[in-house]
Amino acid sequence: MAIDTHVHLWRLDRGDYDWLTPARPRIHRDFLPGDMWAAQEDLPISGVIAVQAAPTWAETDWLLEQAAAHPRIVGVTGWADLTAPDARDVITEMARNPRLKGLRPMEAIAAGPEWLSTEAYADGLAALAETDLVLEALALPHHLRGVAAVAECHIDLPIIINHAAKPTPATVEAWRQDLAAFTDLPNVICKMSGFTAQSRDDAFHQHVWDMVYGVFGPDRMMWGSDFPVLQETSTYQAWFDLSERLAIGMSQDERDQVFLGTAARCYGLNEEQTT
């Protein structure tokens, strides 16, 4: 069985997905739980983590409602402004909902290399650690040093690097060098998702997978689809099949960690949610 640790749901008439425009026709429509179940048909997916796609509490609340109605949504990664003056109080209140597993800021695309390591995030990051929520980092390769600095300062805060930080053939060498900083940072996990958005070359995907394995090992790797953004460059079935091929050099126990065990441990899932 597998846990898909990275899916999105949205309903366009909610009105808070500024990035989702008709210029992206393959995903410019509603994607609701039924669409996800259809994409996963005949695959051994026991549950999913729904990840925010809009920088609003309203969307997080909507995702939590979806999780309450659909038991296969085993957790939600929501959004909060980690730099707000009241971030600590807001995060503490949000964490009261057991379906909320983590928070993900969205401003990384426009942020400089230091990003999360700036003083503005200090209180928000401390609140995450205090409430046992995870930080999901939508990082790019040039953010990795800043993420490593945060991990060193907040060793009790689990940090999940989304989409392996999106290396491309043009950035992969610098990415590889900076990735090495996470070898001795046990609180950082790497999410193996979003590969086909960066390249269509399976040999490149294998290189990325192997580099992550060498740094993190299977106990700090987790699999995800990035559905439905995945639909722009692949299909759910094709990405799952490719992921199994990328993991072919691993033992069965190691594959079980990547596809299930790491997610269960990191998100605090029980046996019922993973079978």
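## Basis

Residues are numbered from 1 along each chain as its sequence is written, and side-chain values use heavy atoms, with hydrogens and water left out. In this predicted model, local features need pLDDT of at least 70 and side-chain atom pairs count only at pLDDT 80 or more, while totals for chains, interfaces and linings use all residues.

## Ser234

Ser234 sits in the loop between strand S8 (221–223) and helix H8 (236–246); helices (H or I, at least four residues) and strands (E, at least two) are DSSP runs, numbered from the N terminus. With a relative accessible area of 17%, Ser234 is buried (under 20%; exposed is over 50%, partly exposed in between; 1.4 Å probe, protein chains only).

Leaving aside residues up to four places away in sequence, Ser234 touches Thr196 and Trp239 (contact: heavy atoms within 4.5 Å). Ala197 is 37 residues from Ser234 in sequence, with a C-alpha to C-alpha distance of 8.5 Å.

## Helix H8

The buried residues in H8 are Tyr236, Trp239, Phe240, Leu242, Ser243 and Leu246. They line one face of the helix, because they fall within an arc of 165° seen down its axis (directions from the helix axis to the C-beta atoms).

## Nonpolar cores

A nonpolar core is a set of buried Ala, Val, Leu, Ile, Met, Phe, Trp, Tyr and Cys residues joined through side-chain atoms within 4.5 Å. The largest has 78 residues, of which Phe182, Val212 and Phe216 touch the most other members. Helix H7 (residues 202–216) supplies the largest share of this core, six residues. Apart from it lies another core of 14 residues, including Ile3, Val134, Leu260 and Cys266.
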